Amino acid sequence: MLSTLALAAALQVPAQAQELAPGTRYDPGIPTLEEVAGHGFREVVTPPDDVIRYMEALAAAAPERTRLMQYAESWEGRPLVVLVIGSPERMARLDEVKAGIARLADPRGLSDAEAEALLAELPVVTALMHGIHGDEISSSGAAMAEAYHLLAAMGDPDVDLILSESLVLIDPMENPDGRNRFVYQHSVAGARWPDEARISAEHDAPWPGGRGNHYLFDLNRDLFIQSQPETRGKVDIFLEFRPHIVADLHEMGGDATYFFPPTAPPSNPWFGERQVALMDVFGEAIAARFDERGFAYFNRDVYDLFYPGYVDMWPMGHGALGMTYEQAGAGGLRLRQSDDDLLTYGDGVLHHFTAAIETALTAARNRDRILRDYVAFLREGIALGERGPAEIVLHSAHDPGMAERLALMLVENGMEVFRASGPVTVGDRTLPAGSSFIVPLAQPAHRFIRNLLDAHVPMEEDFVRRQVERRANRQPDEIYDLTAWSQPLLWDVEAIETAPTGARGAPLTASEAAARPEVDSGGEGGGRGVGGGGGGSAAPLPEALVGYLVPWGTNGAAAIAEALREGLRVRAAGAEFTLDGRRFGVGTAIVRAAENGPNLRQRLAGIAARHRAEVVPIDDAYVREGMSLGSRSVRALREPRVLLVYDAPGRGYSVGWARYVLERRYGQRTTTVRASSLGRARLVDYDVVVFPSGNYGGVVGDGLLDRLRAWMQDGGTLITMAESSRWASRAGLLATEPERRGGRAESDDPPEPGTPEQPIDYLEAISPEDESPEGVPGAILRTRLDTEHWLAAGTDGEIGVLVEGSRVFRPITLDEGTNVGRYADLESLVLSGIVWEESRPQLVNKAFLIHQPVGRGQIVAFAEDPNYRAYAEATQLLFMNAILLGPGR
């Protein structure tokens, strides 16, 4: 009898591939992973460099059927690639095929005959995405096996059908930096033999693990904001190829099995019924293949279809079908599960490979239906826009740059947006052109636009009722992610639905959107406002006798951060004033000609161009209303020396968000210091210390607390947020307290249980006496700001705040400090999302942003994380106000 290896050789079946697709014959001219990297698909967690080398080897071996495209480079310089696979005939005319796909993606003006011709000839495009979380390791192994199988399988009718009916895009590694971190940590901790114990070091990666990218972002929540290069490149590929089927392959807890759709409730109402119905087609096909091979799986549980910012959900907004696949993760090569079964890395590769190939096959078999459903979705979106409000006007009077940045973000997501050609009339209001942008709703992306811009996206009522019942019984809710993400609310931009305004000017372009930082503030009222030119070209500034004013806001703050970094002398207004008929708010930057060199005009023009910030030249500093420009309320600014506390016990996401906002969004130089080394830091060398969310009680002892207090007394600014604000309160740094459920201060004893009345109320009788406040599952709350306070500079006094969790802070008393931001009253509290009825009264008028003076310094405390996912733009500005305007006050 032939051995397995001998039989495999006789059949041209490499042993490593035989176990993936039994019975398949493979072309020996296509290299195996073992030939390139020295190991099989299921044997080793392949390092990022070898993943890329293997995809390059496959592309080189089959150039007539592939195109390997690098679509991005990670923060750490690693390439992100997609391998496009198709028949030789289709790949030879790939540009023509992409043009046809693009035409189908915008059916405006497309006749039925033209549509039928395209539907007859175009392929279905299937995108298989892998490894967006770097410690979810098996999917990248599967990706390499999928590519090998599609290119090397010989005489396989399923592969032949896939190549004849579709284009397949394989992204093998969406997060190379995270994967590299995991591989390194796993190899450092690896034992002589793979350890099955989950407590072992090789299964217990140190902070921050490999899930996030360099800035510790969850890249699977970054799709519409596109703050990270990995995501921006991915969306560019999506818009170039317009995939109709997108499967994103993940890992979950090690004691699970395998998940594929249909999904759990709730479903997002802006996704199409045809898309959701199509999930059953794929679910049944994968289930049949898993049953055939004896793989366990589950559906319709845990993973929902609501939040639009995932890799698989973003394409749903453009008419595709997106699906998440989840494999139980071994966290290494072997894991002993709690029921004593053994799970291996190779199992995960095999399961993902099987699901992915069946997905591509099912797409090919249903090409015609998928393309027709896709076109119908897009046409329905156009029709919805023709029946309802014609346009949405994005407008911000107090920060025009914010409105433009939001408009450009929509363009980055494949939506049409226009500059206003002149003043825009909306009802009885006339909005200036420079602060208004027009989003037509009769466009293919209509549903996606509404998903991002509507104040509220409702959940199914039955689902919400079930969550209320679960909460009453102290069971966790089944809400998987946020219940609110309205971008206008989080950016503090008006989104006004209107009939046709007749004010559409030039369309915003993809090249404008790609140039970050990217805004051109228009400005209202008098003065000679000059905006920075687009694309980084410096618009000339007029000579100014006195100097220049930079209105404070997102663009202005970023520009001033660079100006300070480049050594310009800048002062900030501590109160409002009116000059030349225009009102300027708190925080307005004053750049005096006499305090800067003779090339001030050129230097400031370049900075304004890069940030598209408004600069107002002034020849007369005589203020007739408000603060004088030489007042003691004017404070000199300097580049702040910032220390960001890094590492555990800080929460990885919060640390990464803060670091990204500081370094990348606003260009603020920052020193990161591990929490365990904070005691060795010379605090006198820093003006600002930032504690991201986390409980620092275990690393900040009494001695370091005393040093922090003394440092603040000497002028230091301490910033806390979310859980670090709770820690600061408990440590005695912050003169307020978190609350328990019902409003009791955390330090107070719980009430004594009373004698129950008869008959008892059952739910009341079983409720614990002492609980945390009812958690908020990611909603947006209306928050009032004190516009006379410098921390609120650049705002109009009201913003939306993303609230997630059960933190409630009592307002600070007047003798201790100022409640710069507080939640609104009961009737107007909730702007978007779900806030349980029981928790609303406790949140009313509670503190969101506290300023507490400490000697010549201060502590600035946020109740929530102001940098949440880098898309809470309004609260990010408050954070930067603390950084830039706080030192030296």
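The model is predicted: local features need pLDDT of at least 70, side-chain atom pairs count only at pLDDT 80 or more, and totals for chains, interfaces and linings use all residues. Residues are numbered from 1 along each chain as its sequence is written, and side-chain values use heavy atoms, with hydrogens and water left out.

**Confidence**

- The protein averages a pLDDT of 93, and 93% of the residues score at least 70. pLDDT is the predictor's confidence in each residue, from 0 to 100.
- Residues 1-11 have pLDDT below 50, and this stretch has 7 contacts in the model beyond near neighbours in sequence. Contact means heavy atoms within 4.5 Å.
- Residues 518-536 also stay under 50 in pLDDT. For this stretch the model has 68 contacts beyond four places in sequence.

**Nonpolar cores**

- The largest nonpolar core has 228 residues. A nonpolar core is a set of buried Ala, Val, Leu, Ile, Met, Phe, Trp, Tyr and Cys residues joined through side-chain atoms within 4.5 Å. Buried means under 20% relative accessible area, exposed over 50%, partly exposed in between (1.4 Å probe, protein chains only).
- L394, I719, F879 and I883 have the most contacts inside the largest core.
- Helix α13 gives the most to this core, with 11 residues. Helices (H or I, at least four residues) and strands (E, at least two) are DSSP runs, numbered from the N terminus.
- I719 touches V688, V689, V690, F691, V860, F862, F879, A882 and I883, leaving out residues up to four places away in sequence.
- A second, separate core of 29 residues includes L705, L708, W727 and A731.
- In soluble globular proteins, nonpolar side chains tend to be buried together.

**Helix α9**

- V159, I162 and L163 are buried in α9 (residues 157-165). They lie on the same side of α9 because they cover an arc of only 90 degrees around the axis. The arc is that of the directions from the helix axis to the C-beta atoms.
- The buried residues of α9 pack against β3 (79-85), α5 (88-92), α8 (138-152), β5 (153-154), β6 (166-171) and α13 (345-365).
- At the start of α9, a side-chain oxygen of D156 comes to within 2.9 Å of the backbone nitrogen of D158.

**E873**

- E873 belongs to helix α27 (residues 873-885). E873 is buried, at a relative accessible area of 2%.
- Beyond its neighbours within four places in sequence, E873 contacts M402, R405, L490, W491, T554 and R665.

**Strands**

- In strand β31 (residues 717-721), 5 of the 5 residues are buried, so β31 is largely enclosed by the rest of the structure. T717, I719 and M721 sit on one side, L718 and T720 on the other.
- β30 (residues 688-691) pairs with β31 in the parallel sense over 4 bridges. Two strands pair if DSSP finds at least two bridges between them. V688 has T717 as its bridge partner.
- β28 (residues 642-646) has 5 of its 5 residues buried. β28 runs parallel to β29 (residues 670-674), joined by 5 bridges. L644 stands opposite T672.
- β20 (residues 547-550) runs antiparallel to β24 (residues 589-592), with 4 bridges. β20 also pairs with β25 (residues 614-618) in the antiparallel sense, over 3 bridges.

Notes
Polar contact = N/O pair within 3.5 Å; in protein donor to acceptor, adjacent residues only side chain to side chain.
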